Amino acid sequence: MNNRYNDKTGQYKLKFIPRNDLSEEDFMVTSCNENAYKAIKLWPYWQHFALSIYGPKSCGKSHLAHMWTDLVQQSLPRPVQIPIMNAHSLNMKNINKIANEHPYLVIEDMDASINEEAFFHLYNFYNGAERYILFTSEQALSKIPLKLPDLRSRLNIIPNIEIEQPDDEMLTALIAKLFNDRQIIITQEILDYILRYTERSFSFVTKLVEEIDDISWTYGRAVSIPIIKEALKNLTKNQQLELFI
Amino acid sequence: MKFTIERAHLLKTLSHVQSIVEKRNTIPVLSNVRIEAKDSCINFKATDMDIEITEIVEAKIIEPGATTAPAHMLYDIVRKLSDGSDVEIAYPDEKNALSISSGRSKFSLSTIGVEDFPIISGDDLPVNFEISRDELKILIDRTQFSASVEEARYYLNGLYVHAKNEGDTKVLRVVATDGHRLACAESPLPEGAEKLEGVIIPRKSVLEIRKLLDDASTETVSMALSENKVRISFEDITLTSKLIDGTFPDYERVIPTDNDKILEVNVKELAAAVDRVSVVTERSRGIRMITDANRVTIAASNAELGNATEELEAKYDKDPIDTGYNFRYLLDILAQIKGDDVRFSLSGSAAATVINDTSDNSAIYVLMPMRI
């Protein structure tokens with residue numbers, strides 16, 4: 001999102017990054033993500049050395065990944081670094097160093113454009129050696145169209161747990177969390193209004209709260225129904241534009 | 001309760017304590033000052049439930065006791081009494097009220113019992129240190145004007161104070177922002193403040209502390225902090241305030257570190273030019289600052305009124321930049337630059353500008369531009 005200015009005064013504002021609480025206390029469990037939550041909490045009694053959590057954008061995969069690293073840290077006699085890496089940053093040059101230095105690893109955003117050879121070695125290195133990997137992605141690992149048959153067959157063995165699109169209970173909790181992360185106090189009326197008119201997806205709700213916050217911050221106004229209407233209008237307009245691009 | 005006190009002492013004390021009493025209160029006792037005569041001293045106390053101030057002053061006590069009386073009215077009465085006179089205060093008088101007598105003047109004020117007066121101090125505050133009064137004044141002056149007054153962003157309605165390691169040196173850093181500008185000032189970390197994690201001291205408390213510091217004659221003041229309270233004390237004054245229960249944003253991320261277009265200009269000349277040119281801005285408050293080789297031009301225009309420009313000599317050797325600023329924000333910052341020259345670190349007309357004193361690195365300011 002570009003830094004917008006107040007079109008009445010022309011004043012730009014500093015762009016602060018909202019906090020993002022990734023502790024377990026801040027993770028909401030409802031029917032849409034219950035299986036993924038339980039699977040994370042099951043560690044170290046996983047059936048396999050690896051687990052894959054997949055689901056739509058902004059559904060809380062990274063939050064679960066942080067919770068898993070906390071869980072692992074708590075079980076260790078002394079803290080170790082557990083990298084949370086983007087799948088695209090793994091290649092044949094760094095695979096050896098990463099694998100040797102880190103018995104626990106989170107790899108996010110798995111998709112078809114990963115370095116397959118590096119991942120093939122990664123799999124073999126971690127398999128059966130008291131080492132663990134948590135994968136996250138938008139689609140199940142078994143559905144990612146990879147070229148290397150040996151890698152495909154290996155990733156097919158990894159248990160895949162889905163986070164589904166949000167139910168109403170999750171949407172309510174998510175909206176509350178996103179405003180809470182921004183230290184914005186909202187009324188029940190505002191929450192109900194957003195619930196009534198928002199698109200029912202994790203990513204849309206996340207973008208909507210971001211847009212509401214941005215308008216409120218830029219114009220120095222408390223969050224209100226007119227601001228929500230404006231944010232919904234802006235996002236819908238952008239979506240329509242995207243269709244034409 | 002009955003005592004006699006010099007009017008000047010009483011007036012000074014009341015000016016301090018009445019200042020935190022709100023003009024309107026839903027709880028009647030909060031409009032009152034608590035007065036207790038005990039052990040040859042009078043203890044004055046006032047609170048708005050977020051701040052509590054206590055000041056002890058010597059007096060000739062005839063009879064110990066305590067009550068509460070309307071703070072603003074008592075102050076107004078004492079203010080109008082003759083300079084150099086003595087004041088006798090007694091409670092209860094024949095009407096069960098507080099009587100104030102001085103010379104031929106006599107007043108009677110209604111009271112509320114001390115048992116209804118709330119006390120917010122008394123907790124043990126674990127972080128304790130002494131800080132130079134002048135250092136604290138400077139830290140407040142350099143930052144408080146940037147604090148937000150927007151209630152929806154309550155976590156910006158104060159000064160963020162924390163201990164910070166800057167390489168090998170430890171500093172006490174104070175930060176304030178309203179989103180349009182950010183002020184960040186620091187001083188050497190006082191002994192005992194090492195464990196000071198970030199706290200946000202409310203703006204009203206900061207302004208009260210600042211007023212009290214002007215009347216302080218001691219060189220150092222004591223500060224004590226916990227997770228939810230701050231206490232400042234010196235001489236016979238103690239101010240305790242609740243802290244803002246919020247998280248200050250990660251301010252360091254919005255301070256640009258790679259602005260490479262550096263403008264240096266005499267601060268007094270610049271402030272005077274901005275002040276003159278701003279006359280034609282009227283409501284918009286927008287002025288333009290146009291940098292060019294070794295000069296800077298301050299300009300403003302108003303479609304209905306006219307325009308103004310003023311050119312100044314400056315050190316600048318990069319591509320020209322034309323940036324708009326709210327002149328009031330700029331003047332607020334320039335007023336805090338005490339050296340001869342001010343440095344602007346720029347990157348573009350819509351990007352944050354970093355401003356600091358060329359001869360002093362202990363404070364920096366970030367100013368967001370205006371689109372003009």
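Reader: How many helices and strands does chain B have?
Author: Helices (H or I, at least four residues) and strands (E, at least two) are DSSP runs, numbered from the N terminus. On this basis the secondary structure of chain B comes to 6 helices and 25 strands.

Reader: How are residues and chains labelled, and what kind of model is this?
Author: Residues are numbered from 1 along each chain as its sequence is written, while chains are lettered from A and ligands numbered from 1 in the order in which they are written. Local features need pLDDT of at least 70 and side-chain atom pairs count only at pLDDT 80 or more, whereas totals for chains, interfaces and linings use all residues, as this is a predicted model.

Reader: What pLDDT does chain B average?
Author: pLDDT is the predictor's confidence in each residue, from 0 to 100. In chain B, 100% of the residues score at least 70. For the complex, the predictor gives an ipTM of 0.87 and a pTM of 0.89. The average pLDDT of chain B is 95.

Reader: What percentage of the residues in chain B is buried?
Author: A residue is buried if 20 or more other C-beta atoms lie within 10 Å of its own, exposed if 12 or fewer, and partly exposed in between; the C-beta atoms are placed from the backbone. The C-alpha trace of chain B spans about 80 × 50 × 35 Å along its principal axes. Of the 372 residues in chain B, the buried share is 40%.

Reader: Why is strand β3 of chain B described as largely enclosed by the rest of the structure?
Author: Strand β3(B) covers residues 41-47. It is largely enclosed because, of its 7 residues, the number buried is 5.

Reader: Which residue of β4(B) stands opposite B:Asn43?
Author: Two strands pair if DSSP finds at least two bridges between them. β3(B) and β4(B) pair in the antiparallel sense over 7 bridges. They form a hairpin with 3 residues between them, and B:Met49 in the turn has a positive phi of about 80°. Opposite B:Asn43 stands B:Ile56.

Reader: Which residue in β3(B) stands opposite B:Ile35?
Author: Strand β2 (residues 32-38) of chain B runs antiparallel to β3(B), and 5 bridges join the two. These strands form a hairpin with 2 residues between them, where B:Asp39 in the turn has a positive phi of about 50°. Opposite B:Ile35 stands B:Phe44.

Reader: How many residues does each chain give to the contact between chain A and chain B?
Author: Nonpolar residues are Ala, Val, Leu, Ile, Met, Phe, Trp, Tyr, Cys and Pro, charged ones are Asp, Glu, Lys and Arg, and the others, Gly among them, count as polar. The contact takes 24 residues from chain B and 15 residues from chain A. By class, the side of chain B that touches chain A has 12 nonpolar, 8 polar and 4 charged residues.

Reader: Which residues of helix α2 of chain A are buried?
Author: Helix α2(A) has 15 residues (61-75) and reaches 21 Å from its first C-alpha to its last, close to the 21 Å expected; the expected span is 1.5 Å times one less than the number of residues. What covers its buried residues includes α1 (34-42) and β1 (50-54) of chain A. The buried residues are A:Lys61, A:His63, A:Leu64, A:Ala65, A:Trp68 and A:Thr69.

Reader: How far apart in space are A:Leu171 and A:Leu195?
Author: A:Leu171 lies in helix α6 (residues 168-181) of chain A and is buried, with 22 other C-beta atoms within 10 Å. Leaving aside neighbours within four places in sequence, A:Leu171 is in contact with A:Pro166, A:Leu195, A:Arg200 and A:Val205. A:Leu171 and A:Leu195 are 24 residues apart in sequence, and their C-alpha to C-alpha distance is 7.3 Å.

Note on methods
Contact = placed C-beta atoms within 7 Å.
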